[in-house]
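Here are some notes to read beside the model. Keep the sequence open and find each residue as it is named.

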Amino acid sequence: MRRLLLFAIFGLAALVGCDTAALETESQVVVEAYLEAGAPMDSVRLTRTARASAEYTPERTAVQGADVQVQRLNDSGGVAATVPYTETDSTDGLYVPETPATVTPQATYRLRAAPPEGPVVTAETTVPAPVEAVRTQNDTTTYPDPDNENSDPPQFELTVRPGPSALERQNVYVLTSRSLLELQSIPASPPDSVAGRLLTPFYLEQYDADSDTLASFRVNSSGLLNEANFTSNDDGTVSITLPWLAVAFYGPNQIRASVVDNNLYDFLRTQSAQQMSLAPGEIPNIDEDIENGTGIFGSFAEASGKVLIRPPDLTVDDIPLRP
């Protein structure tokens, strides 16, 4: 479930609303599932598309009673191992592994979901090689002073050692920052309050205490970033400098650098093209690799580090800088 929440910020609901499949008379099964290299297998969510004029919520469109399994394939394309999934009692349409299993890096996996009605939905992903966090720099730093144009504090830097790419392209990353503050315990309040001043300037301008919660700003992710955007070192490592715009909260933050597979790469690339389109006739479909359905079955490998971001006004004593 953690990974579903992580990548939900990429807007799978946008796929359901913008893809031409959502306008068809017959609904399709929507898949949302992610595999992380070296981590336990995560959950699979199955829903159905809704018409453009209908409200789409995962709860109302959940696919129940499906036969779900994830298969690890061998080099010849045969099935080397199968992990059966079972539907949870707490959330309709959410399926979890019946027994714990770990995602093998650089292996190819096939998702097979047979709903009670309709064709079997399948998809495949090849998991990227592991990414190792080698070192960090400037683990504690101060956010630039917006009132001082000469303010240039050192930026947090995460150096990683990516594994070899099995794809015919360089590695592509997504950077994600996540505040480690206990935001649920901080009540919504005007921007000039303690709660409001937890946000960095860019996000503080967007914050509306009447309609937003602080927790809704907790996780922020970049778009696709080619490895060429970062510093390549002689020892084969890559140094990634965290842009200030990626930081929504002062205090402790976890920074993740994720190498994505082809499925996530295509999904995010075409989703970005949708958001830049101006006229309905120019909006392209999401590029997806789901047979007899729609959605995303992707994989990634990640490395992470932590940084403590201090506010530029260090006299503010009532801002909690620790989780």
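**Notes on the fold**

1. Start with a buried tyrosine. Tyr143 has a relative accessibility of 10%, so Tyr143 counts as buried. Buried means under 20% relative accessible area, exposed means over 50%, and partly exposed lies in between (1.4 Å probe, protein chains only). Tyr250 is buried too, because its relative accessible area is 6%.

2. A word on the source. This is a predicted model, in which local features need pLDDT of at least 70 and side-chain atom pairs count only at pLDDT 80 or more, while totals for chains, interfaces and linings use all residues. Residues are numbered from 1 along each chain as its sequence is written, and side-chain values use heavy atoms, with hydrogens and water left out.

3. Now the overall picture. The protein has 4 helices and 18 strands. Both are DSSP runs numbered from the N terminus: helices (H or I) have at least four residues, strands (E) at least two. Of the 323 residues, 48% are buried.

4. Look at the contacts next. A contact means heavy atoms within 4.5 Å. Take the contacts between residues at least 6 apart in sequence: 71% of them join residues at least 24 apart.

5. Ala37 gives an example. Ala37 sits in the loop between strand E1 (29-36) and E2. Is Ala37 buried or exposed? Ala37 is buried, because its relative accessible area is 14%. Beyond its neighbours within four places in sequence, Ala37 is in contact with Val103, Pro105, Val127, Pro128, Phe300 and Ala301. Pro128 is 91 residues from Ala37 along the chain, yet their C-alpha atoms are separated by 6.8 Å.

6. Turn to the sheets. Strands of a sheet pair through backbone hydrogen bonds, either parallel or antiparallel. Here, two strands pair if DSSP finds at least two bridges between them. E8 pairs with strand E10 (residues 157-162) over 6 bridges, in the antiparallel sense. Ala133 has Val160 in E10 as its bridge partner.

7. Strand E2 (residues 44-48) runs antiparallel to strand E5 (residues 94-97), and 2 bridges join them. Val44 has Tyr95 in E5 as its bridge partner. Strand E4 (residues 79-87) is also antiparallel to E5, with 3 bridges. Find Tyr85: Pro97 in E5 stands opposite. The hairpin of E4 and E5 has 6 residues between the strands, and Gly93 there takes a positive phi near 80°.

8. Most residues other than glycine have a negative phi, and most peptide bonds are trans. Gln106 has a positive phi, near 65°. Gln106 lies in the loop between E5 and strand E6 (108-114). Gln106 is partly exposed, because its relative accessible area is 44%. Asn138 also has a positive phi, about 60°. Asn138 is in the loop between E8 and E9. With a relative accessible area of 32%, Asn138 is partly exposed.

9. How many aromatic pairs does a search of the whole structure find? There are 6. Rings of Phe, Tyr and Trp (its six-membered ring) pair if their centres lie within 6.5 Å; planes under 30 degrees apart count as stacked, over 60 as edge-to-face and the rest as tilted. Tyr143 and Tyr250 form an edge-to-face pair, 5.8 Å centre to centre, with 85° between the planes. The two are 107 residues apart: Tyr143 is in the loop between strand E9 (140-142) and E10, and Tyr250 in the loop between strand E15 (238-241) and strand E16 (251-260).

10. Tyr207 and Phe217 make another edge-to-face pair, 6.1 Å centre to centre, with 75° between the planes. Both lie in the loop between helix H3 (201-206) and strand E12 (219-221), so the pair ties together parts that are 10 residues apart in sequence. Tyr207 and Phe217 are both buried. Ring pairs link Phe202, Tyr203, Tyr207 and Phe217 into a cluster.
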